[in-house]
Amino acid sequence: MVVVIIMCGIKLTQTFKLMKPNKRKRELLDATIERFKECVNAWISEIEQLGEYPTRKNVHSFAYKKIREQFKDLHSNVVQEAMNRAIEVYRAWLKTKGQKPVFTADVVSFKNVDVKIDRHFINVPLINKERVWLPMHVPKKLRKFLKMKHGRVQISKVDDEYYAQISFEVPEPKPYEPKGWLGVDIGINHIVVISDDKGKINKFYDNAIAWKKSVEYRRARLQFLKDKRTKKGAWRILKRLSHKEKNKMAYINHKIAKEIVELAKHYHYGIAIENLKGIRHHYNAKRHRKRLHKWAYGDLIDKIVYKAKLNGVPVVFVDPRNTSRTCSKCGYLVEKGVKGRWFRCPKCGFQLDRDLNAARNIAKRAFRLAPWGASSSQRRW
């Protein structure tokens with residue numbers, strides 16, 4: 001049997017602060033950003049009239065001519081970028097069915113073909129088809145990216161400062177052959193717990209659980225006030241709280257993923273993660289739903305896989321079934337399940353934290369996968 005590993009690029013987005021533009025360029029940037037917002041919201045209105053689940057094909061066919069006529073001052077590809085952003089916003093709204101979707105971000109997006117990068121300068125088409133060169137602050141560590149092929153570009157305005165978010169295609173290194181595996185278990189009292197099969201590495205990530213619980217309590221109280229109509233503006237506080245919560249979880253996930261990948265790379269280990277596909281309909285679905293709703297695990301696992309790819313660290317996904325009920329020392333399966341947070345093996349007497357025991361079993365199961373280098377496409381989230 002011949003195993004073919006196709007190496008492809010990874011899209012990595014870097015942020016560059018733009019040098020303070022002169023008055024004319026600043027006016028052009030502000031006007032373009034404002035028109036882009038108007039264009040996105042015009043697309044959202046058309047999607048509502050469409051009355052179907054929005055796709056690029058049906059939305060473009062339904063309203064492109066009308067929107068293009070209305071926004072002649074924007075580059076045609078910028079109008080299409082606005083359409084893509086409107087579809088994203090509307091799809092997100094369909095999941096929650098909250099307030100009517102409105103796009104308010106101070107940003108404008110460009111396709112890669114419309115952007116030129118020359119040293120520390122970026123050239124973009126602004127309103128009325130005017131192209132301008134904008135100088136960027138480029139830290140030494142980011143200079144290498146400007147030599148790579150770039151993708152989409154977004155310019156954002158934050159507190160009267162302008163930033164360019166540029167997507168680059170970074171070559172994906174070939175994964176090394178691991179000496180062992182680092183098991184990652186999604187805990188109940190912890191965000192994640194990691195361990196190798198020999199117990200050489202044991203780490204608990206739970207420093208944000210208390211914060212998350214306090215946020216959930218505050219949200220529940222605000223939701224009660226909002227439902228009872230006893231506090232004006234409660235929904236605004238809820239929205240702001242949700243935004244802050246999401247940002248903080250993303251930051252914590254970034255730190256956890258970075259540390260796990262660096263640890264695996266240091267020991268020349270691979271990373272084994274629970275395969276969570278269909279977990280909500282699992283034989284023990286209630287327990288697993290509690291785990292999944294406690295934290296942004298989808299985002300955390302995406303970050304682990306993404307950072308592992310950048311560092312050539314192999315990642316596999318294993319069946320998590322019975323990992324908490326199996327003794328990681330002798331392999332005995334406790335038939336009646338495990339009560340409490342402490343695992344005790346009735347056969348060999350081995351004792352260990354329940355989540356740590358599961359992490360070691362996940363690491364052990366990774367050894368059974370063949371070939372070792374099963375790609376991250378095995379993931380089924």
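Trainee: Where does Lys37 sit?

Mentor: Lys37 is in helix α1. Helices here are DSSP runs of H or I with at least four residues, strands are runs of E with at least two, and both are numbered from the N terminus. Keep in mind that this is a predicted model, where local features need pLDDT of at least 70, side-chain atom pairs count only at pLDDT 80 or more, and totals for chains, interfaces and linings use all residues. Residues are numbered from 1 along each chain as its sequence is written, and side-chain values use heavy atoms, with hydrogens and water left out.

Trainee: Is Lys37 buried or exposed?

Mentor: Lys37 is buried, at a relative accessible area of 12%. The cut-offs are under 20% for buried, over 50% for exposed and partly exposed in between, using a 1.4 Å probe and protein chains only.

Trainee: And what does Lys37 touch?

Mentor: Skipping residues up to four places away in sequence, Lys37 touches Phe103, Thr104, Ala105 and Asp106. Contact means heavy atoms within 4.5 Å.

Trainee: Phe103, ok. Which aromatic pair is Phe103 part of?

Mentor: A search of the whole structure gives 5 aromatic pairs. One of them joins Phe36 and Phe103 edge-to-face, at 6.2 Å centre to centre and 75° between the planes. That pair links distant parts of the chain, with Phe36 in helix α1 (residues 23-50) and Phe103 in the loop between α3 (76-96) and β2 (107-110), 67 residues apart. For the criteria, rings of Phe, Tyr and Trp (its six-membered ring) pair if their centres lie within 6.5 Å; planes under 30 degrees apart are stacked, over 60 edge-to-face, and the rest tilted.

Trainee: What about Tyr90 and Trp93, how are their rings arranged?

Mentor: Their centres are 5.2 Å apart and the planes make 45°, so that pair is tilted. Tyr90 and Trp93 both lie in helix α3, 3 residues apart, which is about one turn of the helix. Tyr90 is buried at 10%, and Trp93 counts as buried at 18%. Elsewhere, ring pairs link Phe16, Phe145 and Phe168 into a cluster.

Trainee: Switching to the nonpolar cores. How many residues are in the largest?

Mentor: The largest nonpolar core has 51 residues, and Trp43, Ile122, Val124 and Met136 have the most contacts inside it. Helix α1 supplies the largest share of this core, 11 residues. Another core lies apart from it, with 31 residues, among them Ile186, Leu263, Ile271 and Leu276. A core here is a set of buried Ala, Val, Leu, Ile, Met, Phe, Trp, Tyr and Cys residues joined through side-chain atoms within 4.5 Å.

Trainee: Now the sheet with β8 in it. What's the strand order?

Mentor: That's an open sheet of 5 strands, ordered β10-β9-β8-β11-β12, with mixed pairing. β10 (202-205) and β12 (315-318) are at the edges with a single partner strand each, so one side of each has no neighbour in the sheet. Two strands pair if DSSP finds at least two bridges between them.

Trainee: And how do β8 and β9 run?

Mentor: They run antiparallel, with 5 bridges joining β8 (residues 180-186) to β9 (residues 192-196). Gly183 stands opposite Ser195 in β9. Helix α7 (residues 297-310) packs on the sheet, touching β8, β9, β11 (269-274) and β12, and its direction makes about 145° with that of β12. Axes are lines fitted to C-alpha atoms, for helices over the stretch in contact, and angles run from 0 to 180 degrees between N-to-C directions.

Trainee: What about β9 and β10?

Mentor: They pair in the antiparallel sense over 4 bridges, and Val193 is opposite Phe204 in β10. The hairpin of β9 and β10 has 5 residues between the strands, and Gly199 there takes a positive phi near 80°.

Trainee: Last topic: how many disulfides are there?

Mentor: The search of the whole structure finds 0 disulfides, taking one as a pair of cysteine sulfur atoms within 2.5 Å.
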